[in-house]
Amino acid sequence: MYREGDPHSSGQLPDAESKEQEHLVELGRITLLRHGQTEYTDEYPDLTVEGKATIEKSAEQIARGLRHEEEPIIVSSDKARARGSADIIKEKIGYSKEVKIQPSMTAMQLRDRERAKEIFEEMLAENKNTHKEEAPVRGVDRAYLHDQRFEDATIYEPRSEVEKRFFKNLEYTIRAFNVVHKHKELQKPHIIGVSHFELLGQLSEKVFNLSERGEEPLKHGELIEIEVLASEENNQDQVELQIYFRGEQKQVGFDRRTRTLLIGK
């Protein structure tokens, strides 16, 4: 894959002429999605009728995007609602292997369940008063991205820690992509990962500035598709991520040493 002067790059290139000549190869692809709508019972598959229909549509979209030269690998959070969603995808795309359970993709950890439940109910009530036509949980989604109550480490795993967990997992994935890339006889990996709003909502917000643009945060079943690109000429401490979401694409850097996105730099 040759990327020359990609107009969708969101970063300011330090040496545009040399960057244009840089040969970037695709190491692999990652498709991430939020599980389907749920009642949060923690009883498999923990999806409502609407949730199952949502994931079936997502699975059809994933199936259409699969490439012959790729090896799909389905991974899931350990939560029932994620595993239930992953199994729908598995059936729809004809995946014959077991879904890999990845605890690092799980939802935000609760450190004080009773207080967390109280805050959740407070937020549902607040949203019901201000957005009567909207599913109450959407208000909680919006609040998660900005409300300081979610930064109380005595009650929750803070947003910053959740984000670090996500990027640590991304670095491990890129490391695995590099191993496969060295073995030319192996198929290029395509990770299909089912996770939660706390991880994926932050990613879509950070890259696409949804709140600033007045757009809704990540919805159930929405796909975030990522191509991982790297230079074969230079060291791979930094890779490029071509990210597709809601019909848009953004190219951002990812520093593997610090495990941070490089946006607008």
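A salt bridge here is a side-chain nitrogen of Lys or Arg within 4 Å of a carboxyl oxygen of Asp or Glu, and by this rule the count comes to 29. The model is predicted, so local features need pLDDT of at least 70 and side-chain atom pairs count only at pLDDT 80 or more, while totals for chains, interfaces and linings use all residues. Residues are numbered from 1 along each chain as its sequence is written, and side-chain values use heavy atoms, with hydrogens and water left out.

**Salt bridges**
- E26 forms a salt bridge with R67, the closest N and O atoms being 2.9 Å apart, and this pair links strand β1 to the loop between α2 (49-65) and β2, 41 residues apart.
- E26 is buried at 4% relative accessible area, whereas R67 is partly exposed at 27%; buried means under 20%, exposed over 50% and partly exposed in between, with a 1.4 Å probe and protein chains only.
- E26 and R67 also belong to one network of salt bridges with shared partners, together with R29, E70, K188 and E227.

**Strand β4**
- Helices (H or I, at least four residues) and strands (E, at least two) are DSSP runs, numbered from the N terminus.
- Strand β4 (residues 188-195) is largely enclosed by the rest of the structure, because 7 of its 8 residues are buried.
- Two strands pair if DSSP finds at least two bridges between them; β4 pairs in the parallel sense with β1 (residues 24-34) over 6 bridges and with β2 (residues 70-76) over 7 bridges.
- Within β4, H190 is the bridge partner of R29 and stands opposite P72.
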